[in-house]
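Visitor: I have a structure to look at and some questions to ask. Could you walk me through it?

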Amino acid sequence: MTKSLLIKIGIFLAVTAAVFAIAIPLVMSNTDYKGDSKQVLDNLNIQATVTDNGDMTVKETWQITLENRDQAYRNIYKTIELPSDQVGSLTGLSVYDVDNHITYNLQEVSDPENAPSNLQNVCYYTKKGNTIEIGLFMPRIYEGTRNFEIQYTFTNCITAYPDTAVLYYQFIGSQFSIPITNMNVTVALPQNDTATEKPYAWLHCTADSFLTVDSPNQISFTAQNIPAQTMIETRIAAPLALFPNVTRTSSSTNLQNIQNEELEWATAYQKKQGIEIETKNSFIVERGPYTKSMNICWEYWTFQLPLSS
């Protein structure tokens, strides 16, 4: 049996505390992002909530259009690469079929490729090495639009360094075979009144996208017209005070290394695109006026700097 949809998401997590946000989006043509795909993820909304012990609960809402391909669709799934030294285990998987108003049964499916032909209304996850597959079997459909809510939790997603706490998460992997029309992501961090610094945040995406630091405890980004096999990831470096109960730690400082690496990547990209930039206080700054919120936008890149910059 050929699986109908594939999302391969690699997760690479590290932890650090920080105070500013950079987003890295590239604008491309929005006329051909679908290619010849018979499947399009019209809307992907993700809410990721991180707790003070480093666990992260992810809720994904999918609206998927499936065109006739002379073969029924029934298995939707994604695979996630989980380095064991950066992420813990998966718990609490649930799938809600919005169209049929039913919660799927969590069931062991050891070999999804050869699952019984009558299997439906079932969700599952399997693990092979560092790769976890999360999937569902729905009633067969040849064409139409389906809507699902998928929720799961990963433990130990934050690593605490002496100078910061970092989440490095790939929401969409480079092997995701389905184009996406609209993607909206919000990452909520723990509340802590003693933490007055804003987090740093970087968005890596070669589609039309934009990241903002909404508050000291929330980062969000959007992306549109995303071709298949386009990687989308964010790196967040937050104040240590937000994560007093994290168990994954490192004795080496890391914040400056992260800032240098992000600056190097951004500079190299803009040089490749022939965009004139200058650096200021270790941040990349466009030659042009700032908006009130210190958002800097141009054709290929988007940055958000702290108001104090």
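Visitor: In which loop is the place of Q229?

Guide: Keep in mind that this is a predicted model. Q229 has a phi near 60°, a positive value in a residue other than glycine. Most residues other than glycine have a negative phi. The place of Q229 is in the loop between β17 (218-226) and β18.

Visitor: Is Q229 buried or exposed?

Guide: The cut-off for exposed is over 50% relative accessible area. Q229 has 51% relative accessibility, so Q229 counts as exposed.

Visitor: What is the phi of H101?

Guide: Start with its place, the loop between β6 (90-97) and β7 (102-103). H101 is exposed there, with a relative accessible area of 61%. Its phi is positive, although H101 is a residue other than glycine. The value is near 55°.

Visitor: What percentage of the contacts between residues at least 6 apart join residues at least 24 apart?

Guide: The chain has 309 residues, and 53% of them are buried. Now take the contacts between residues at least 6 apart in sequence. The share that joins residues at least 24 apart is 75%.

Visitor: How far apart are the C-alpha atoms of V246 and N53?

Guide: V246 is found in the loop between β18 and β19 (248-249). V246 touches D52, N53, G54, I158 and A160, leaving aside residues up to four places away in sequence. V246 and N53 are 193 residues apart along the chain. Their C-alpha atoms are separated by 4.3 Å.

Visitor: Is V246 buried or exposed?

Guide: Buried means under 20% relative accessible area. V246 has 13%, so V246 is buried.

Visitor: What separates the C-alpha atoms of D70 and Y142?

Guide: D70 is in the loop between β4 (56-66) and β5. D70 is exposed, with a relative accessible area of 74%. Along the chain, D70 and Y142 are 72 residues apart.

Visitor: Which side chain is joined to that of T181 by a polar contact?

Guide: T181 lies in strand β14 (residues 180-188). T181 is buried, because its relative accessible area is 16%. Among the residues it touches are V40, L41 and A223. The polar contact is 2.8 Å, and the partner is Y33.

Visitor: Which backbone oxygen does the side chain of T234 reach?

Guide: T234 is in strand β18 (residues 232-238). T234 is buried, with a relative accessible area of 1%. Its contacts include L167, F171 and W202. At 2.9 Å, its side chain reaches the backbone oxygen of W202.

Visitor: Which side chain has a polar contact with that of T212?

Guide: T212 is in strand β16 (residues 208-215). T212 is buried, since its relative accessible area is 17%. The contact is 2.8 Å. The partner is D214.

Visitor: Which residues have the most contacts inside the largest nonpolar core?

Guide: In soluble globular proteins, nonpolar side chains tend to be buried together. The largest nonpolar core here has 59 residues. Those with the most contacts inside it are Y152 and M183.

Visitor: Which residues does Y152 touch?

Guide: Leave out residues up to four places away in sequence. Among the others are M56, V58, K78, I80, L90, L93, I134 and Y169.

Visitor: What is the volume of the largest cavity?

Guide: Rolling a probe the size of a water molecule over the atoms shows where empty space is left. There are two cavities of 30 Å³ or more. The largest cavity has a volume of about 50 Å³.

Visitor: Which strands each supply at least two residues of the lining of the largest cavity?

Guide: The lining includes W62, V95, L136 and I150. Its residues divide into seven nonpolar, one polar and one charged. The strands that each supply at least two are β5 (73-81) and β10 (131-141).

Definitions and conventions. Residues are numbered from 1 along each chain as its sequence is written. This is a predicted model: local features need pLDDT of at least 70, side-chain atom pairs count only at pLDDT 80 or more; totals for chains, interfaces and linings use all residues. Side-chain values use heavy atoms; hydrogens and water are left out. On a 1 Å grid over the protein atoms alone, a cavity is a set of points where a 1.4 Å probe fits but cannot get out, and a pocket is an open set with protein on both sides within 12 Å along at least five of seven lines; lining residues have an atom within 4 Å of a point. Grid points are joined across faces, edges and corners, and a volume is the space filled by probe spheres set on the points. Helices (H or I, at least four residues) and strands (E, at least two) are DSSP runs, numbered from the N terminus. Ala, Val, Leu, Ile, Met, Phe, Trp, Tyr, Cys and Pro count as nonpolar, Asp, Glu, Lys and Arg as charged, and the others, Gly among them, as polar. Buried means under 20% relative accessible area, exposed over 50%, partly exposed in between (1.4 Å probe, protein chains only). A polar contact is a pair of N or O atoms within 3.5 Å; within protein, one must be able to donate a hydrogen and the other to accept it, and residues adjacent in sequence count only if both atoms are side-chain atoms. Contact means heavy atoms within 4.5 Å. A nonpolar core is a set of buried Ala, Val, Leu, Ile, Met, Phe, Trp, Tyr and Cys residues joined through side-chain atoms within 4.5 Å.
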